[in-house]
Amino acid sequence: MTLTRRQVTELLSAHGLAPRRALGQNFVVDPNTVRRIARLARVGPGDRVIEIGAGLGSLTLAMADTGAAVTAVEVDHGIAAVLRSIVEPVGVTVVEGDALDLDLAAVLGAGPWVLVANLPYNVATPLVVRVLEEVPALTRMLVMVQAEVADRLAAAPGSPAYGAVSVIVAWWASATVVGQVPATVFVPRPKVASALVAIERRPSPRGDARFEPPPYARFKAVARAGFGQRRKMLRRSLAGVVEPAAFGAAGVGPDARAEELGLDQWARLAAWAPNGPTPS
């Protein structure tokens with residue numbers, strides 16, 4: 001069971017509701033699209049799924065149809081009341097709240113869990129990063145986001161989309177764009193296309209095996225500083241953040257630019273300290 005375009009518009013009208021731009025609400029109204037997402041999510045009986053930004057429950061119902069146990073999070077009070085009436089009868093648990101404020105680790109408890117969601121455009125990037133940083137119980141994600149955000153999450157070195165968030169995601173997980181979604185399947189219709197990104201958490205943060213991994217906060221600060229002035233050579237953009245001697249010790253040219261460095265190179269730069277780790 002899923003919701004059609006007509007059913008979504010009728011539900012909104014019947015309850016005096018409308019999509020709120022401030023919350024980035026664009027409801028999926030195409031049954032084929034939500035079934036496709038459920039299939040790509042690779043979940044079924046025995047799996048536990050959390051959906052963030054559930055809206056009126058079109059994707060929620062498709063996930064429940066797989067046999068997975070679904071928890072749906074929705075921040076909009078009016079929408080959440082309607083969502084409960086639609087999805088609780090099929091066994092879905094509804095949590096009302098802002099996913100950026102909720103203690104998701106406490107809500108979920110022990111893993112593994114899978115995040116499957118049509119993420120509001122305005123919170124997609126910080127939410128993905130927060131989940132990777134704070135909620136180890138979430139071992140996999142399939143998220144629908146703005147196409148250019150999808151490209152950034154999964155970008156490789158040298159790509160125009162490659163940036164600090166690409167490196168931060170790569171520290172925790174592998175990310176792959178697995179599909180495109182046209183604007184026509186949403187109400188209201190967004191001005192941009194969307195894409196599906198599959199993210200799978202690594203068993204442990206990745207870095208060059210020749211070094212002890214740097215503290216994550218240090219790694220994140222170095223990457224952000226490097227991409228903060230991405231047109232500059234790293235010896236300039238990282239001045240005051242990384243000591244000059246670190247470049248040679250880490251095998252990174254000081255004249256390189258941020259988009260040229262892969263994850264291991266960023267990790268080596270962040271790990272190096274005077275009298276600290278050097279290549280073996």
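## Packing of helix H4

Helix H1 (5-14), strand E1 (27-28), helix H3 (58-65), strand E3 (69-74) and strand E4 (93-96) pack against the buried residues of H4. Contact here means heavy atoms within 4.5 Å, and buried means under 20% relative accessible area (1.4 Å probe, protein chains only). Helices (H or I, at least four residues) and strands (E, at least two) are DSSP runs, numbered from the N terminus.

The model is predicted: local features need pLDDT of at least 70, side-chain atom pairs count only at pLDDT 80 or more, and totals for chains, interfaces and linings use all residues. Residues are numbered from 1 along each chain as its sequence is written, and side-chain values use heavy atoms, with hydrogens and water left out.

H4 spans residues 77-87, and its buried residues are Ile79, Ala80, Val82, Leu83, Ile86 and Val87. They line one face of the helix, because seen down the axis they fall within an arc of 165°, taken from the directions from the helix axis to the C-beta atoms.

## Strand E9

In strand E9 (residues 194-201), 6 of the 8 residues are buried. E9 pairs antiparallel with strand E6 (residues 138-146) over 7 bridges, where pairing requires at least two DSSP bridges between the strands. Val197 of E9 is the bridge partner of Val143. Strand E7 (residues 173-181) also runs antiparallel to E9, joined to it by 8 bridges; here Gln180 has Ala195 as its bridge partner.

Conventions:
Buried < 20%, exposed > 50% of the residue type's maximum accessible area, 1.4 Å probe, protein only.
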